[in-house]
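Visitor: I would like to learn how to read a structure. Please show me the model.

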Amino acid sequence: MITIDRRDFARTLASVSLGLLPTPRIAFLRRPPQQYAFIRRNVYCLNAYSPEIMAYKRAIQVIRGRPATDPTSWQAQSNIHGAFKPDPANGIVNYCQGGPANFVAPPGMIADACRHDYLFLAWHRIYLYYFERIVRSASGDPTFALPYWGYSPTGPRNLPLTFRSPNNTTNPLWTDQRDSAINAGNDITATYVDASNAMVNVGFAAFQSSLSGTPHGQVHVATGDGCGWMSYFETAGMDPIFWLHHANIDRLWEDWIALGGGRVNPTTDPAWLNNTFSFYDENGATVTMNVSQILDTASQLNYRYAAPTICPVRVRCFCLPWRPWLIDPRIIALADSAPATPAEPVHRCPASGTRAGRRLAAGNSATTGG
Ligand SMILES: [Cu+2]
């Protein structure tokens with residue numbers, strides 16, 4: 001497998017265009033993109049004109065337009081994580097105002113399958129892997145890799161700008177189904193995004209359980225507030241930031257392994273290793289994978305994470321665009337100096353105050369199942 005960073009790719013292409021490289025180098029540029037390792041980048045290093053963000057927006061528009069019976073639709077992908085059950089007593093499935101009226105998965109489709117137990121990390125890794133492939137396909141960008149929400153207690157920890165501005169439905173990354181302060185760009189409390197208590201655990205089960213609580217559960221609840229999408233298993237996948245949040249949780253699993261000192265996956269435990277899960281691929285076909293097939297992201301799933309240290313502190317991040325020939329730096333500068341987000345409508349919970357779903361816990365949700 002050839003690993004190529006987008007920046008290497010850009011430099012090579014620029015060199016080729018300037019006649020600096022012999023022509024045989026051009027041959028590898030023509031190789032199918034799936035032979036490259038996809039690199040998931042820190043969303044804080046991206047802006048509205050980054051290829052990943054533009055592709056993600058395009059894809060969301062396409063995917064949201066598909067009916068829930070289409071396995072590659074936004075609703076179907078969310079339903080895989082959680083879906084409301086019909087309520088014969090009330091005839092309703094979701095009474096939180098402002099959201100789609102019905103999250104009941106069409107009969108026969110994969111639904112309500114998320115794992116927040118001993119298989120929390122493994123299940124979500126495969127879930128994201130296939131979702132990323134669906135987005136890549138729908139976006140028309142064969143290089144698309146899902147960014148990760150690289151919050152940290154000492155660095156940026158607010159909702160990325162592209163997910164809250166413009167703060168209206170012209171922006172596929174925005175939704176009012178969030179805490180108003182989060183949508184206004186306020187910081188998430190530092191301790192909520194602090195993974196250090198999880199990382200100190202040497203045993204996998206303890207690490208996973210701790211990580212599932214903080215930052216995983218805490219960020220869910222902080223983003224979703226009372227009844228926003230991120231607060232419930234049945235709706236979390238509806239929020240575009242959900243997928244970047246889980247990419248970060250997946251990255252922290254990689255970081256934990258890299259810390260060493262006895263930190264290893266429980267590969268001697270067949271009860272963990274042999275679990276098989278079903279998802280949908282970009283063609284809508286049902287695909288199955290077991291845990292032993294997803295433990296090395298680079299060699300088995302063809303992706304890896306860019307280090308977050310590219311944006312270590314809260315500054316206006318001017319990361320070089322991955323495709324400089326597409327973007328005028330003046331446009332990027334303009335985007336980075338976007339005016340403060342104007343006041344936006346407050347998301348209000350209904351009188352009942354809750355959805356009819358299972359609420360994510362801010363604490364340790366790995367032991368609660370579901
Ligand atoms: Cu989650």
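Visitor: Which backbone oxygen lies 3.5 Å from a polar atom of the side chain of Arg-263?

Guide: First, the idea: a polar contact pairs N or O atoms within 3.5 Å; within protein, one must be able to donate a hydrogen and the other to accept it, and residues adjacent in sequence count only if both atoms are side-chain atoms. Here, that oxygen belongs to Val-200. The Arg-263 side chain also reaches the backbone oxygen of Gly-260, at 2.8 Å. This is a predicted model: local features need pLDDT of at least 70, side-chain atom pairs count only at pLDDT 80 or more, and totals for chains, interfaces and linings use all residues. Residues are numbered from 1 along each chain as its sequence is written, and side-chain values use heavy atoms, with hydrogens and water left out.

Visitor: Is Arg-263 buried or exposed?

Guide: Buried means under 20% relative accessible area, exposed over 50%, partly exposed in between (1.4 Å probe, protein chains only). Arg-263 counts as buried because its relative accessibility is 15%.

Visitor: What is Arg-263 in contact with, beyond its neighbours within four places in sequence?

Guide: Contact means heavy atoms within 4.5 Å. The partners of Arg-263 include Met-199, Asn-201 and Trp-256. Val-202 is another partner. Arg-263 and Val-202 are 61 residues apart in sequence, yet 5.0 Å apart in space, C-alpha to C-alpha.

Visitor: Which residues are the protein donors of the copper ion?

Guide: Donors are N, O and S atoms within 2.8 Å of the metal (3.2 Å for Na, K and Ca); water is not among the atoms, so sites may look incomplete. Here they are His-216, His-220 and His-246, each through NE2, at 1.8 to 2.1 Å from the ion. Their spacing along the chain is H-x3-H-x25-H. Both His-216 and His-246 are buried.
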